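Open your viewer and load the model. This tour says what to select at each stop and what you will find there.

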Amino acid sequence: MPGKIQSHVEQLLLQNYSPAAALLNPDGDILYINGRTGAFLEPAAGKANWNIHAMAREGLRYELAGLIKQALGSEGVVRLKGLVVKDHLGLAQGVDLSAEALSQPESRHGMVFLTFASAPLLPAAKRGRSPNPKVLELEQQLLQARTEIQAVRDEMQTSREELKSANEELQSTNEELTTSKEEMQSLNEELYTVNAELHSKVDDLSLVNSDMKNLLNSTDIATIFLDSGLRIRRFTAPATQIYKLIATDPRRPLSDIVNDLDYPDLETDAQEVIRSLVFSERQVPTKTGRWYNVRIMPYRTIDNVIDGVVVTFINITESKLLEAQLRLILSQGKATLESVK
């Protein structure tokens, strides 16, 4: 394909004395360039763009659009003369353009052959007439007007390109926001799943706590669980008959709670059990005449870590009363025997 295009272009150039020229597709994209086109075309700033409308120098861009459209809609060569183009130094020169739509061969149908030709800036002198000051002044004004119009057009084109760039950035930002929204949705679904699992575990834990509470209360044994700082963790209902415990007492130090025990060394013994890991057991009376077997044992977590103590109180009042009665009977029997002697 490139070789065939080059061969066809070279034949056209020979027919037109090899002018500065370009072969375009219907959209204005440059397919082939011949000769020195630097005075009329220059690469656009930014990303490489080989479109004639982007590369045309100041003074040609908008005229080219109309010329190419006219050529595509007619047969033969279409010309546009007397244009003014500025180079990179801002210097002006005249230029004539010609465009021809190709119809043969079929593979080139719709392509446009565009040529550039330098032309003088003073058409009146070119025609051989004596320069008329008014005509020259009008031509200068016309040149200035064209230059100003071209400047406005260039600014409009620049604004269009900036708007296009801003629109592309906005589109990119919108795509990023869409991606972020999808990621947030995915994260939200994961959080919902984790929350459901956590809720299930909380329900299971609540059920286990309820089972434990019912189990402890069903034993009818007064029990108090203390942490390593001897603060109350939990207690069973029978423990309220010994300590004046209420529902809000957990996390309070045991020493702050009023009790009926005649056991001032309970906290000391509890600290010793935590230190030595050896349980303590004592028979302790109360101020109301009851007796309790008080056992203090280390509290072990499921990881086998000592994290406080468990204090149980078993009512042995009846045993103590029977023991006292037995002692009394033995004492009376001993006295009777001694009197018989």
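The stops below run from the whole chain to single residues and pairs.

**Whole chain.** Start with everything shown. Remember that this is a predicted model. Colour by secondary structure: the protein chain has 7 helices and 10 strands. Now colour by accessibility. Of the 341 residues in the protein chain, 28% are buried. The accessible area is about 23,000 Å², and carbon and sulfur atoms hold 54% of that. For contacts, take pairs of residues at least 6 apart in sequence; 42% of these contacts join residues at least 24 apart.

**Helix H3.** Select residues 61–72, which form helix H3. How far apart are its end C-alpha atoms? They are 17 Å apart, which agrees with the 16 Å that 12 residues should span at 1.5 Å a residue. Show side chains for Arg-61, Leu-64, Leu-67, Ile-68 and Ala-71: these are buried in H3. They cover an arc of only 115° around the axis, so they lie on the same side of H3.

Is Met-184 buried or exposed? Met-184 is exposed, at 56% relative accessibility. Together with Met-184 they make a nonpolar surface patch of about 310 Å².

**Leu-230.** Go to the loop between strand E6 (222–226) and E7, where Leu-230 sits. Leu-230 is buried, with a relative accessible area of 7%. What surrounds it? Leaving out residues up to four places away in sequence, Leu-230 touches Arg-252, Pro-253, Leu-254, Glu-267, Ala-270, Gln-271, Ile-274 and Val-309. Draw a distance to one of these, Ala-270. Leu-230 and Ala-270 are 40 residues apart in sequence, yet their C-alpha atoms are 7.8 Å apart in space.

**Salt bridges.** How many salt bridges does a search of the whole structure find? The search finds 11.

Select Arg-290 and Asp-260. Their closest N and O atoms are 3.6 Å apart, and the pair forms a salt bridge. Arg-290 is in the loop between strand E8 (280–285) and strand E9 (291–300), while Asp-260 is in the loop between strand E7 (232–235) and helix H6 (266–276), so the bridge ties together parts that are 30 residues apart in sequence. Asp-260 is buried, with a relative accessible area of 14%. Lys-244, Asp-260 and Arg-290 are linked in a network of salt bridges.

Step to helix H6 and select Arg-275 and Glu-272, which are 3 residues apart, about one turn of the helix. Their side chains meet in a salt bridge, 2.4 Å from N to O. Arg-275 is exposed at 60% relative accessibility. Glu-272 is partly exposed, with a relative accessible area of 35%.

Finish in helix H7, residues 317–340, with Glu-323 and Arg-327, 4 residues apart and again about one turn of the helix. Here the N to O distance in the salt bridge is 2.3 Å. Glu-323 is partly exposed at 29% relative accessibility. Arg-327 is exposed, with a relative accessible area of 52%.

Conventions. Residues numbered from 1 in each chain as written. Predicted model: local features only at pLDDT ≥ 70, side-chain atom pairs only at ≥ 80, totals over all residues. Heavy atoms only, no water. Salt bridge = Lys/Arg side-chain N within 4 Å of Asp/Glu carboxyl O. Helix = DSSP H or I, 4+ residues; strand = E, 2+ residues; numbered from the N terminus. Buried < 20%, exposed > 50% of the residue type's maximum accessible area, 1.4 Å probe, protein only. Expected span 1.5 Å × (residues − 1). Arc of directions from axis to C-beta. Patch = residues over 30% accessible without salt bridge, like charges linked within 9 Å, V, L, I, M, F, W, Y side chains within 5 Å. Areas by Shrake-Rupley, 256 points an atom, 1.4 Å probe, with all protein chains shown as cover. Contact = heavy atoms within 4.5 Å.
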